[in-house]
Amino acid sequence: NDFTKILERESFLAPSFIEYDEFNCILMIKNSLGSVKVISMENYQERFEITERNCVDVRKSEDCVIIVKSTESEEILQLDIYNNRNGKKVFELELTIMEGYPLSFLELFKNTLFIKQEGFKPLFINAITLETVKVNYPIGENIFFIYSNSKNLIFIFDREIVYIFNLRGE
């Protein structure tokens, strides 16, 4: 079938991955050759391909695809942001992170980047406007989060406490 043909054309060695997005009805493939392909699952046609040899991770939302790139410096987090509909690069973003404090996680909820560095509170950045929102709540290091797409809420579990907030950090 068409789906099998898509997979047969790819080269899958670590760190490759396949991710299905039922909300947007797309399949995202990061192959071992350094490209990220977005394929429509409605007609099995490739929407676009992003070739980035330094890609170490990918995040997506309804409107954008973010390519996390490796850099020479551990203090620089380099992100390329692409339009999720046509694959055109919207802009590049370089964030300076604190030396000696590894990134705990980087996640994309809708169009909001959720970045957590060990020893610091999470940071929210709107991936479209680049507006930064600082969130003021006492979150510890051992956290777990869930995003509700239908409500645009993030639930963070920190020990026995549950924090619920929107994508503006409220």
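**Entry 1: overview**

I noted at the outset that this is a predicted model. The chain has 170 residues, and buried residues make up 44% of them. I then checked the contacts between residues at least 6 apart in sequence: 26% of these join residues at least 24 apart. For the accessible surface I read about 9700 Å². Carbon and sulfur atoms account for 49% of that surface.

I turned to strand 1, residues 17-21. In what sense does strand 1 pair with strand 2? The pairing is antiparallel and runs over five bridges. Strand 2 covers residues 26-30. I looked across from Phe17 and found Lys30 of strand 2 opposite. The hairpin of these strands has four residues between them. Cys25 in this hairpin takes a positive phi, near 55°.

**Entry 2: cysteines**

How many disulfides does the structure hold? I got a count of zero.

I listed the salt bridges next and found six in the structure. I began with Glu19 and Lys60, whose side chains meet at 3.0 Å, N to O. This pair links distant parts of the chain. Glu19 lies in strand 1, while Lys60 lies in strand 5, residues 55-60. The two residues are 41 residues apart.

Lys60 is buried, with a relative accessible area of 16%.

**Entry 3: Arg59 and Asp57**

I moved to another salt bridge, between the side chains of Arg59 and Asp57. The distance is 3.1 Å, N to O. I checked the exposure of both partners. Arg59 comes out at 19% relative accessibility; the limit for buried is under 20%, so Arg59 counts as buried. Asp57 is partly exposed, with a relative accessible area of 25%.

**Entry 4: the network**

I then followed Asp80. Its salt-bridge partner is Lys89, with the closest N and O atoms 3.4 Å apart. Which residues are linked with this pair in a network? I found Glu52, Lys69 and Glu92 in a network of salt bridges with Asp80 and Lys89. Asp80 is buried, with a relative accessible area of 0%. Lys89 is partly exposed, at 38%.

**Entry 5: a nonpolar patch**

Last, I looked at the surface. Which residues form a nonpolar patch there? I found Met98, Tyr101 and Phe120. Together they have about 280 Å² of accessible area. I located Phe120 in the loop between strand 10 (112-117) and strand 11 (123-126). Phe120 is partly exposed, at 33% relative accessibility.

Notes: Residues numbered from 1 in each chain as written. Predicted model: local features only at pLDDT ≥ 70, side-chain atom pairs only at ≥ 80, totals over all residues. Heavy atoms only, no water. Salt bridge = Lys/Arg side-chain N within 4 Å of Asp/Glu carboxyl O. Buried < 20%, exposed > 50% of the residue type's maximum accessible area, 1.4 Å probe, protein only. Pairing = 2+ DSSP bridges. Contact = heavy atoms within 4.5 Å. Areas by Shrake-Rupley, 256 points an atom, 1.4 Å probe, with all protein chains shown as cover. Disulfide = S-S within 2.5 Å. Patch = residues over 30% accessible without salt bridge, like charges linked within 9 Å, V, L, I, M, F, W, Y side chains within 5 Å.
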